[in-house]
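The entries below follow the order in which I looked things up.

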Amino acid sequence: MTDAVQYLERDGLQDLIQGLQKAGYHCVGPQIRDGAIVYDSISHVDQLPRGYSDHQSPGQYRLQQDDNPRCFAWANGPQAIKPYVFAAEETLWRSLRDTAGELQFTEHVVDVGPLAIIGVRACDLAALYLQDKHFLHAEPRDPGYLARRQQLLLVAVNCTHPAATCFCASTGDGPRATYGYDIVLSELDAGYLIEGRSQQGLTLLAGLPTRPATQGQLEQGDEESHQAVAQQTRRLPGHNLKQALFANLNHARWEEVAKRCLSCGNCTAVCPTCFCHAEQDRPALDGTSSDHVRQWDSCFTQGHSYIHGFTLRANTAQRYRQWLTHKLGSWHDQYGRSGCVGCGRCISWCPVGIDLTEEAAAICGDGEP
Amino acid sequence: MTNPYLPYEAEVIERIQESPTLFTLRLRFTDPSVHDAYRFAPGQFNMLYLYGVGEVPISIVSDPIDEQILDHTIRSVGRVTRGLSDLQAGDRIGVRGPYGRGWPLTVAEQRDVVVVTGGLGCAPVVSVINYIMRRRERFGTVNIVQGVKHADDFIWRERYEQWQQAPDTKVLIAADLGMPLWPWHVGHVTDLFDELQFDRERVIVMMCGPEGMMRVVVNHMQAQGVGDDDLWLSMERNMQCAVGHCGHCQYGDKFICKDGPVFCYRDIRNLFGVKGF
C-alpha cells in the first residue's frame, strides 16, 4: 500500500535522491552556504544540514550546530524556492540588427530539465500557489515561468522547528504542507514519515524501502506539528486587512516606520510572493545584438515608480505603505487571498529588524471590519 | 504559445515635429501579415522598442479604421523617448501591442460627450474624437476641451478647427500662458467649464492629462450632478511589461496596463488623488 503513510529510515532518503535522479530529475536541497540555509544541487544526503538549527529574530539570522541527528530541524533560509520558477534574472528576447539597420526579434526559450526540490516548506508551497496565480492563471501566461514550473517536482518536509519570526499558523499556510507537493516527509529522530500525493510521487515512493508507519510514529509526527503551531508567537490577523489598511492611509505609523526603514528592498528580495521585475536592454559590444533582460525589482527603489521625469513614491513612508497595503490588502482582490504566507523572512532579513506583524498591528489594530 | 513579450519590427514611415518637444512617429509593421492582423481600440497603447536602449508605453493616436499607418505622438523626456526622437523615416524599431482597455465607446453612443484633456493628454483621446466625428450622428452634443501650459504646446490646431465646424460640437482651448495672436482663452481650462453644453442625465465625460487637472474636472462634474459611473479617466504609471506581470503600474488592486489605462471613476475613486499610489 503506497497511499497510507509509510516510514522511511534516515538513510532511505538517499534512495529517494537516487530514485529522482534515475527518473531524470536534477535534485536540489537545503545546504549551508555563507552561514545560511540555501537550496543548491544535491546528490547525497551528507550534503544536508544535519544537526543544524536556525535562530531568527528581527534583523538576525544565525545557524547553530549540535548533536541533533535531524537534517530539517530549521525553519527556512533567505531563499525560498521562488528563484527556481521566477528566475532572479532571465533573458526575455534578443534583437539582432543587420548593417542596414533592420531588426529581427528572437524568442529566448527557457530550456530547463526536470528539477526536484527536496525540503520545501509549507509557507513556500503557499507562495508558489500565489506566484502560479500571478504568472500562469491570467492571460497572458509567462513562458519562462511556465517552462520551469512544468518541470518541477516538490518534496515537502513538514516544519517542526519554526523560528521566532515565523507566523504561518496565523496565515493558515503551515507548518504542515497540505497541498502543492508530490511527496511529503515528516522528520522523526530516526527516519521519516513519507506520503505520496501526485502520481509521480506515488511511483517514486513505491521504489523506496519503506514500511507502514506505526501508530506511535504517526502520533509523534502529529504531536510535532502541534508543537510547531504552539511555538509560534507572532501572528497576523487571519482575515482580510484590506479595509483596515486603506482606511488608515494617513496613519502616523507610516512616517514612523519610515524613520527606521532603509528602503533597501531586502524584504522584497526574500519575500517568496513578491513578483516585481524590471526590464532592461543589454547591447552586445559589437553592436549587432541586444538582449532584453528582466531582473527582480523592488517597490522600495526610486526607479520603481518613475514616470516621465519624476518619482511618484519619492519617500520611504510612501514606499513602505505601497508594499504593506499591496501585500496584505490588494492581494485579496487580485489573487483571492493575502500576499503574505507567514514565512517571516522579511523580519529576519531586514537590516534594522522591522517586523511586519508589528507594523500591521500598529496600523490596523486587530483589523476587525 | 506565443511569447507575449516579443516585439515585431516596424518601420518609421514619417517623423513629424509637432512642437519643440513633441514629435509623432508614423509606423508600419514591416511584415504585411502582422500589419494586416493588427487591431486596436481608441485609448489602447503600444510598447515601442528602441534598439539597444529599451521600451516605452505610448498611446496610439491614429484612427482605428486607418489601416495604413500607426501614429504615436511622444514627448521627448527620458532615455528612450530622446532616442526615439532622433529617428528618421526608414529607421526600424520594435512594436508590440495593443495593450489595455480603451474608451467606453459603446457606452457613449446616443449620449452627450465631454472630452477634457491637458497637455499631451490629448494624444490618447485624439483617436476617440476622430472615432466620434466619423460617426457623428450616433452621439449627442460633443464638447472638446483642451488645456496646455504654454500656447506653444498646443498642437494639431487644424484638427481642432475642423472639429469646431462639426454640428453641435463645441471646442474650448485654454493656455496658462498665451502668445501673440493666440485666439483662445488665456488661463486655466477650468475657467471654461461654464461654457460646456451637456445634459447631465445623459452625459459621459472622458478625460486624460495630469491627475491634478482630472481631479478638478471630476469635482466640477460631480458638483453638476454627473454620476461617478459617467466619468472616465486615462491613467498613467511606470509600465515595463504591459501585460500585468512586472508590478510597476500597480494601483491598489489594479494594474493600469491591463485593467486600464482607461478606468471608470467609480472603480478607482478610493485611491484617485492619494499621493504615493
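Entry 1, conventions. I count two residues as in contact if their C-beta atoms, placed from the backbone, lie within 7 Å. I note that this is a predicted model, in which local features need pLDDT of at least 70, side-chain atom pairs count only at pLDDT 80 or more, and totals for chains, interfaces and linings use all residues. Residues are numbered from 1 along each chain as its sequence is written, and chains are lettered from A and ligands numbered from 1 in the order in which they are written.

Entry 2, chain B overall. I looked up the contacts in chain B between residues at least 6 apart in sequence, and 68% of them join residues at least 24 apart. For secondary structure I took DSSP runs, numbered from the N terminus: helices are H or I with at least four residues, strands are E with at least two. Chain B comes to eight helices and 15 strands. Its radius of gyration is 18 Å, close to the 19 Å from the globule rule for 277 residues, so chain B is as compact as a globular protein of that length. That radius is taken over C-alpha atoms, and the rule is 2.2 Å times the number of residues to the power 0.38. Along the principal axes, the C-alpha atoms of chain B fill a box of roughly 50 × 45 × 35 Å. Of the 277 residues in chain B, 47% are buried. I call a residue buried if 20 or more other C-beta atoms lie within 10 Å of its own, exposed if 12 or fewer, and partly exposed in between, with C-beta atoms placed from the backbone.

The bounds come from an automatic or database domain assignment. That assignment gives domain 1 (8-99) and domain 2 (105-268) of chain B. Their centres, taken over C-alpha atoms, are separated by 22 Å. I found 18 residues of domain 1 in contact with 18 residues of domain 2. On the domain 1 side, the elements that give two or more residues are strand E3 (45-50), E4 and E5 of chain B. By class, that side has 10 nonpolar, five polar and three charged residues. Here Ala, Val, Leu, Ile, Met, Phe, Trp, Tyr, Cys and Pro count as nonpolar, Asp, Glu, Lys and Arg as charged, and the others, Gly among them, as polar.

Entry 4, strands of chain B. I took two strands as paired if DSSP finds at least two bridges between them. E1(B) and strand E2 (residues 22-29) of chain B pair in the antiparallel sense over seven bridges. A hairpin through four residues joins E1(B) to E2(B), and Ala10(B) has Phe29(B) in E2(B) as its bridge partner. E2(B) is also joined by six bridges to strand E5 (residues 70-75) of chain B, and these two run antiparallel. There, Leu27(B) has Leu70(B) in E5(B) as its bridge partner.

How many residues of chain B are in contact with chain A? I get 37 residues of chain B against 42 residues of chain A. Strand E1 (8-17), strand E4 (54-59) and strand E6 (92-99) of chain B are the elements that give two or more residues to the chain B side. That side has 14 nonpolar, 15 polar and eight charged residues.

Chain A has 12 helices and 16 strands. I looked up an open sheet of eight strands in chain A, with the order E3-E2-E8-E9-E10-E11-E1-E12 and mixed pairing. Its edge strands are strand E3 (36-41) and strand E12 (211-212) of chain A, each pairing on one side only. Within the sheet, strand E2 (residues 26-33) and strand E8 (residues 115-120) of chain A run parallel and are joined by three bridges. Val28(A) stands opposite Ile117(A) in E8(A).

Why do I call H2(A) largely enclosed by the rest of the structure? Because 11 of its 14 residues are buried. The buried residues of H2(A) pack against E8, helix H3 (143-150), strand E9 (152-157), helix H4 (168-171) and helix H10 (316-335) of chain A. In helix H3 of chain A I found Arg148(A), which counts as buried with 20 C-beta neighbours inside 10 Å.
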